Amino acid sequence: MLGALFLEHGFPAVEDAVVNAFAARVEYALTTYVDHKTELQEALARTGKQVSYVVLTAEGPPHDRHFTCAAVVDGEQLGVGDGGSKKAAEQEAAREALARIGADA
């Protein structure tokens, strides 16, 4: 309906309705923490690039593993992270990659 009103009467006629309809979602997006992996993926998507994560090392017994992972973009290792799980190591690698490409972490 908003689309039809927009096409018929222009944006000023539907602006208040659109702003009110999405205000809660905009507020949530502005105030909610997004993880580093998501931030990196979104930053790279704006330039048409993708990130992949590679496990460099996995050490220790199965119940107490320690992982080192790398964030790789276009064949280049942009960040390396360590953690007690693959996910934690990937988060650290993404945080380092974000800092390297100059995106807000």
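The following exercises, each with a worked solution, concern the predicted model above.

Residues are numbered from 1 along each chain as its sequence is written. In this predicted model, local features need pLDDT of at least 70, side-chain atom pairs count only at pLDDT 80 or more, and totals for chains, interfaces and linings use all residues; side-chain values use heavy atoms, with hydrogens and water left out.

**Exercise 1. Overall layout**

Task: State how many helices and strands the protein has, and give their pattern along the sequence.

Solution. 
- Helices (H or I, at least four residues) and strands (E, at least two) are DSSP runs, numbered from the N terminus.
- On this basis the protein contains four helices and three strands.
- Their pattern along the sequence is α-α-α-β-β-β-α.

**Exercise 2. Overall dimensions**

Task: Compare the radius of gyration of the protein with that of a compact globule of 105 residues.

Solution. 
- The radius of gyration is taken over C-alpha atoms, and the globule rule is 2.2 Å times the number of residues to the power 0.38.
- For a compact globule of 105 residues the value would be near 13 Å, whereas the protein has 20 Å.
- The C-alpha atoms fill a box of roughly 65 × 30 × 20 Å along the principal axes.

**Exercise 3. Helix α1**

Task: Find how many of the eight residues of helix α1 are buried.

Solution. 
- Buried means under 20% relative accessible area, exposed over 50%, and partly exposed in between, using a 1.4 Å probe and protein chains only.
- Helix α1 covers residues 2–9, and the number of buried residues in it is zero, so helix α1 lies largely in the open.
- Just after α1, Gly-10 has a positive phi of about 90 degrees.
- In the protein as a whole, buried residues make up 24% of the 105 residues.

**Exercise 4. The strands**

Task: Work out how the strands β1, β2 and β3 pair.

Solution. 
- Two strands pair if DSSP finds at least two bridges between them.
- Strand β1 (residues 51–59) and strand β2 (residues 66–73) are antiparallel, with eight bridges.
- Within this pair, Val-54 has Ala-70 of β2 as its bridge partner, and Val-51 stands opposite Val-73 in β2.
- Six residues lie between the strands in the hairpin of β1 and β2, where Gly-60 takes a positive phi near 95 degrees.
- Strand β2 also pairs with strand β3 (residues 76–83), again in the antiparallel sense, over seven bridges.
- Here the bridge partner of Cys-69 is Gly-81 in β3.
- The hairpin of β2 and β3 has two residues between the strands, and Asp-74 takes a positive phi near 50 degrees.
- As for cover, seven of the eight residues of β2 are buried.
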